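Biologist: Could you walk me through this one before I set anything up with it?

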Amino acid sequence: QMEIEEKGQKCQTLQKKKIRRVEFTSGNSWMKVSFPSAKDPSWKERHDGITTCVVTVEAGSDFVREFDTLPKVYSAAKCGSSETGRLLERVTKDLIDNFPQLKDKISFCRIVGPTREGLSHNPQRFAAKGIKPKTPYPGLFVGGSDLTIGDSFSASMVGSWIVSNAIIGYSFVDHLFLEKNVTSDVSQFMKVPRNRNDEDIAVPFQVYSSTEDNLNTDEETTAESSKEK
């Protein structure tokens with residue numbers, strides 16, 4: 001009977017360990033803050049005096065339903081306005097604590113999600129050796145923002161660039177010493193766009209002349225000046 005009771009207690013302990021309640025705690029939970037408008041060179045001209053801010057936090061147990069599967073599968077849970085309101089207050093408080101200049105300057109905010117954000121940002125994730133584009137399976141490569149630090153649009157682009165070079169077979173020797181990568185390969189076939197509309201791009205397109213064109217221009221200028229003399 002003692003053995004059965006001990007086994008029963010161990011099973012209950014294991015079941016309790018499996019259930020991990022996640023809740024955003026002000027001052028303790030991690031949060032990622034980014035300002036997308038600061039990366040847009042044309043934002044100030046189009047929306048002067050306004051800045052956008054995106055805060056990413058881990059979805060709490062009140063907002064996510066966990067299924068008993070391997071690997072773990074989650075789905076968005078239905079929650080009322082009171083839960084989202086409390087979370088919004090806690091996140092806003094931490095945001096203002098880290099960026100005091102935003103106090104009394106927030107005109108609009110809302111909660112979006114939960115969404116799938118990839119791997120957790122913890123020491124175990126950055127110390128893992130298996131997070132790389134190549135895998136033990138032939139023809140299978142891993143890409144995306146999980147290959148880099150952070151989860152953002154720029155991280156996804158860098159992750160795609162890394163896995164593209166891995167698929168072609170470029171190594172660090174090609175990158176550092178031979179200057180061979182996907183970007184240098186594509187640039188060899190790029191041409192100056194025709195009938196472009198500068199209003200459709202954030203940064204105005206500027207045509208840079210080659211070294212030979214500059215030399216020819218200098219020679220023509222020198223010839224014209226000698227003729228005038």
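Predicted model: local features only at pLDDT ≥ 70, side-chain atom pairs only at ≥ 80, totals over all residues.

Biologist: Fine. How many helices and strands does the protein have?
Modeller: There are 8 helices and 4 strands, taken as DSSP runs numbered from the N terminus (helices H or I with at least four residues, strands E with at least two). Starting at the N terminus, the order is α-β-α-β-β-β-α-α-α-α-α-α.

Biologist: And what share of the residues is buried?
Modeller: Of the 229 residues in the protein, 13% are buried, where buried means under 20% relative accessible area, exposed means over 50%, and partly exposed is in between, with a 1.4 Å probe and protein chains only.

Biologist: Which residues make up the largest nonpolar core?
Modeller: That core has 6 residues, namely Phe 24, Met 31, Phe 63, Leu 87, Val 91 and Leu 95; a nonpolar core here is a set of buried Ala, Val, Leu, Ile, Met, Phe, Trp, Tyr and Cys residues joined through side-chain atoms within 4.5 Å. Helix H3 (residues 81–98) supplies the largest share of this core, with 3 residues.

Biologist: What does Leu 95 touch?
Modeller: Setting aside residues up to four places away in sequence, Leu 95 touches Met 31, Val 33, Cys 53, Val 55, Leu 102 and Ile 106, with contact meaning heavy atoms within 4.5 Å.

Biologist: Switching topic, how many aromatic pairs does the structure hold?
Modeller: The structure holds 1 aromatic pair, and rings of Phe, Tyr and Trp (its six-membered ring) are paired if their centres lie within 6.5 Å, with planes under 30 degrees apart called stacked, over 60 edge-to-face and the rest tilted. The centres of the Phe 35 and Phe 99 rings are 5.5 Å apart and the planes stand at 80°, so this pair is edge-to-face.

Biologist: Where do Phe 35 and Phe 99 sit in the chain?
Modeller: The pair links distant parts of the chain, 64 residues apart: Phe 35 is in the loop between strand S1 (31–34) and helix H2 (43–46), and Phe 99 is in the loop between H3 and helix H4 (123–127). Phe 35 is partly exposed at 24% relative accessibility, and Phe 99 is also partly exposed at 24%. Beyond its neighbours within four places in sequence, Phe 99 is in contact with Val 33 and Phe 35.

Biologist: Now charges: how many salt bridges are found?
Modeller: The whole structure has 2 salt bridges, each being a side-chain nitrogen of Lys or Arg within 4 Å of a carboxyl oxygen of Asp or Glu. Arg 46 pairs with Asp 40, with the closest N and O atoms 2.5 Å apart, while Lys 93 and Asp 97 meet at 3.1 Å, N to O. Lys 93 and Asp 97 both lie in helix H3, 4 residues apart, about one turn of the helix.

Biologist: Are Arg 46 and Asp 40 buried or partly exposed?
Modeller: Arg 46 is partly exposed, with a relative accessible area of 47%, and Asp 40 is partly exposed too, at 22%.

Terms used
Residues numbered from 1 in each chain as written. Heavy atoms only, no water.
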